[in-house]
Amino acid sequence: GPRRPGASEAPEDGDPMSCTNVRDYAESCMNHISVIVRHMSAEAPFMPDGIHSHMEIGQPCIRSLLQRTEEDSRELAMEVPGQVNCLEMTVDARWRTDQLGSSVAKALGVEEVLAENSGKRLWLFDGGAPNASRCAPLYHSQDSEPFATLQQMGWGPNIPKRSLYVVVLPDPPEGQHSVALHFFDTDGREAGATLISVREEALLEQPQNGAKQLKSIIAVDPKKVLALARQHLEDSAQDVRQRMGLREKEPLRLLEAFNGQITKVYRERTSTSLGSELLLWLAKADDATQSPTFLYSALRVEPDPAVESDVENLTRCQLVEVFTMDPNPMVGAYGHPFLLPIREGQQGKEIMAALQEKLRCTAKDLRDYGCRILVGKGELAENTIRQWKDLTDDFTWQLSSDARPEDVHVPLDWHAENLALAIERHHPVYMGRQLVRPGHRPLTIKAG
């Protein structure tokens, strides 16, 4: 495997899988582990918990992105979004993690990444794909810590095929950090992704309160991030721009979403106090030791279109968050939230129709899959879940008197304390592999 910085130049020990006698062969067989290696693109679509932004109501998630073991042989043949290559190989439980990384890189044909000053990094995950799981890498090519063996990490032969996920990342320029950007359309569906490099605007230290001190987090300027995003769309991503439905010189907005809900919004259209805040990340953007990594803590870029308002009646509107949540408050929100413009005085029936258009489904689809549309605000916890009520046809959307936009074509900014809409449905990960549509139950014939 690759040497650690400062390691001795003495030759490495022989390959544990090499056999010179029957005893070696028997011991090698006892330590063989079959693994499935998926090489994932650094620009793979963001799929938290295996949920694709294009997933229709009732469609199960892609479980292959979440599993440590491949329990179903059919999943090996499944090509998941963002997958570059997939292969099966045998490893030895006596290997160190750096030997595992070296062997995997060679099998995938990317061993040049491990060379010094290659300008790239290799991250190896065993807890799920980096774009779908919160886990930190099992191994990364710039690691200087002592390497553990697979046996020491609990690997053994008496398990189904182990799943590994590999991603090759470019090194950012000196003094900069990598940030993952995902481009969405206004319906909450991903159109493409890229990595950008940004300078750290501020380094915020965790307060000293006697507790264990966490590592620093970085703060980036959202205005600069959007400028880099627009430059990427104009220079090398015209196809992504078309899938986004972005018109010429149309403003953009930047969203930070985590755990299924929007946490920050910055809009080029407005210059409110929210817009001037720096977006804070939960971990260093390119730190492989932190969980979640920057590939999971990604930012969303999407168009921020004007709203066709009734100028005569001065009908105003606001951007309302729509997210999905499980009926069990212990599971909470999940998936991909999006913003829906809702006019002042708009009736529940009209809101429901606009929501169905965004979701590309019918009222029957929502009923068949047991979905409820709720309206409310507050954190999703056991003591606040009762604040969410069903959206009825006679419900009327109201804006507070001190929160009315001056320009009827520019909707009011999103805020975490505003009313929101929630689609209540069971998390697809916990619905089981055999998803039976309620309207299509198996036919049962009784004797007699």
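Biologist: How many residues does the largest nonpolar core have?
Modeller: This is a predicted model, where local features need pLDDT of at least 70, side-chain atom pairs count only at pLDDT 80 or more, and totals for chains, interfaces and linings use all residues. Residues are numbered from 1 along each chain as its sequence is written, and side-chain values use heavy atoms, with hydrogens and water left out. A nonpolar core is a set of buried Ala, Val, Leu, Ile, Met, Phe, Trp, Tyr and Cys residues joined through side-chain atoms within 4.5 Å; buried means under 20% relative accessible area, exposed over 50%, partly exposed in between (1.4 Å probe, protein chains only). V37, V91 and W155 are among the residues with the most contacts inside the largest core, whose size is 25 residues.

Biologist: Which element gives the largest share of this core?
Modeller: Elements are DSSP runs numbered from the N terminus: helices (H or I, at least four residues) and strands (E, at least two). Those giving two or more residues include β1 (32–40), β3 (83–92) and β6 (161–170). The largest share, four residues, comes from α3.

Biologist: Which residues does V37 touch, beyond four places away in sequence?
Modeller: Contact means heavy atoms within 4.5 Å. By that test, V37 touches N85, C86, L87, M89, V104, L108, L164 and V166.

Biologist: Why do the buried residues of α4 line one face of the helix?
Modeller: The buried residues of α4 (222–236) are P222, V225, L226, A229, R230, H232 and L233. On the other side, K223, D235 and S236 are exposed. The arc is that of the directions from the helix axis to the C-beta atoms. The buried residues line one face because, seen down the axis of α4, they fall within an arc of 155°.

Biologist: What is the relative accessible area of I351?
Modeller: I351 is found in helix α6 (residues 348–359). Leaving aside neighbours within four places in sequence, I351 is in contact with I342, Q346, L391, W397 and L421. I351 is buried, at a relative accessible area of 1%.

Biologist: Do β7 and β8 run parallel or antiparallel?
Modeller: Two strands pair if DSSP finds at least two bridges between them. Nine bridges join β7 to β8 (residues 190–199), and H177 has V198 as its bridge partner. The two form a hairpin with five residues between them. Their sense is antiparallel.

Key. The expected span of a helix is 1.5 Å times one less than its number of residues.
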